[in-house]
Amino acid sequence: METLYRLSNIRKSYGQRTVLAINELVLRPGTLYTLTGANGSGKSTLLSILAFLSPPASGELFFGGAPVRWNNAALLPLRRAVTLLHQSPYLFNGSVFSNVAYGLKLRAIRGDEQHRRVEEALMMVGLAGFEHRRARELSGGEAQRVAMARALALGPRVLLLDEPFANVDRDTSALLEELVVSLPGRGTTVIMTTHDPEHPDRLGGELIHLVAGELAGPLPAAA
């Protein structure tokens with residue numbers, strides 16, 4: 001079975017405190033994973049490692065079957081394959097279009113292709129026609145959807161979501177949930193943390209449960 005990520009003997013510490021200790025974990029492409037655990041269980045630390053933003057203190061991370069080398073030259077193409085969307089994303093001054101197009105500009109994607117991607121991403125989050133709206137004048141739910149569109153416009157191979165439904169209204173939550181569930185069918189692996197301890201599996205997919213930085217719950221260590 002094809003493997004996207006493999007974590008082997010991963011350890012991460014802050015000072016004398018070990019915050020993550022995963023002996024073996026395999027994540028497959030085109031799958032929705034829900035990452036659960038109490039505050040301080042290591043969820044954000046794991047997302048940071050999977051986004052190639054923070055190296056583990058020890059152990060080895062594999063992506064697409066190859067070991068990850070934690071140097072800038074090797075990390076750049078990996079980081080372009082993965083997008084991390086924080087719980088409270090930042091929007092820049094200016095239009096909705098300029099916000100969604102920001103990452104595309106950094107990757108020198110311009111002209112018709114840029115416009116196509118922005119319009120398609122806004123349509124996916126239910127904001128078609130919002131291109132010329134001022135980003136700072138949006139509601140909280142609309143701003144979250146713009147941030148999601150900015151992530152989707154990049155066409156990431158992996159989308160990491162840090163409690164994406166925590167600070168939005170019910171309608172926005174329902175729309176984003178439907179979108180997230182559809183993404184694996186489009187080829188995007190989704191790994192998201194949740195603030196819903198009672199029904200963490202309601203979106204389907206597979207569960208990854210952390211307790212004090214260690215794997216627990218139903219997900220097997222290897223597939």
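At 40% relative accessibility, arginine 116 counts as partly exposed, a class lying between buried (under 20% relative accessible area) and exposed (over 50%), with a 1.4 Å probe and protein chains only. The structure is a predicted model, in which local features need pLDDT of at least 70 and side-chain atom pairs count only at pLDDT 80 or more, while totals for chains, interfaces and linings use all residues. Residues are numbered from 1 along each chain as its sequence is written, and side-chain values use heavy atoms, with hydrogens and water left out.

In one of them, arginine 116 pairs with glutamate 113, and the closest N and O atoms are 2.8 Å apart. Both residues belong to helix α5 (residues 111-124), where three residues, about one turn of the helix, separate them. Helices (H or I, at least four residues) and strands (E, at least two) are DSSP runs, numbered from the N terminus. Glutamate 113 is partly exposed, at 32% relative accessibility.

Arginine 116 also meets the side chain of glutamate 120 in a salt bridge, at 3.0 Å from N to O. These two are four residues apart in helix α5, so about one helical turn lies between them. Glutamate 120 is likewise partly exposed, at 43%. Through shared partners, salt bridges join Glu113, Arg116, Arg117 and Glu120 into one network.

Turning to the sheet, four strands form an open arrangement in the order β2-β1-β4-β5, with antiparallel pairing. β2 (17-27) and β5 (66-67) each have a single partner strand and stand at the edges, so one side of each has no neighbour in the sheet. Two strands pair if DSSP finds at least two bridges between them; five bridges join β1 (residues 5-14) to its antiparallel partner β4 (residues 58-63). Within this part of the sheet, tyrosine 5 stands opposite phenylalanine 63 in β4.

A further salt bridge links arginine 6 and glutamate 24, at 3.1 Å from N to O. Arginine 6 lies in β1 and glutamate 24 in β2, so the pair ties together parts 18 residues apart in sequence. Arginine 6 is partly exposed, with a relative accessible area of 27%, and glutamate 24 is partly exposed at 23%.

Definitions and conventions
A salt bridge is a side-chain nitrogen of Lys or Arg within 4 Å of a carboxyl oxygen of Asp or Glu.
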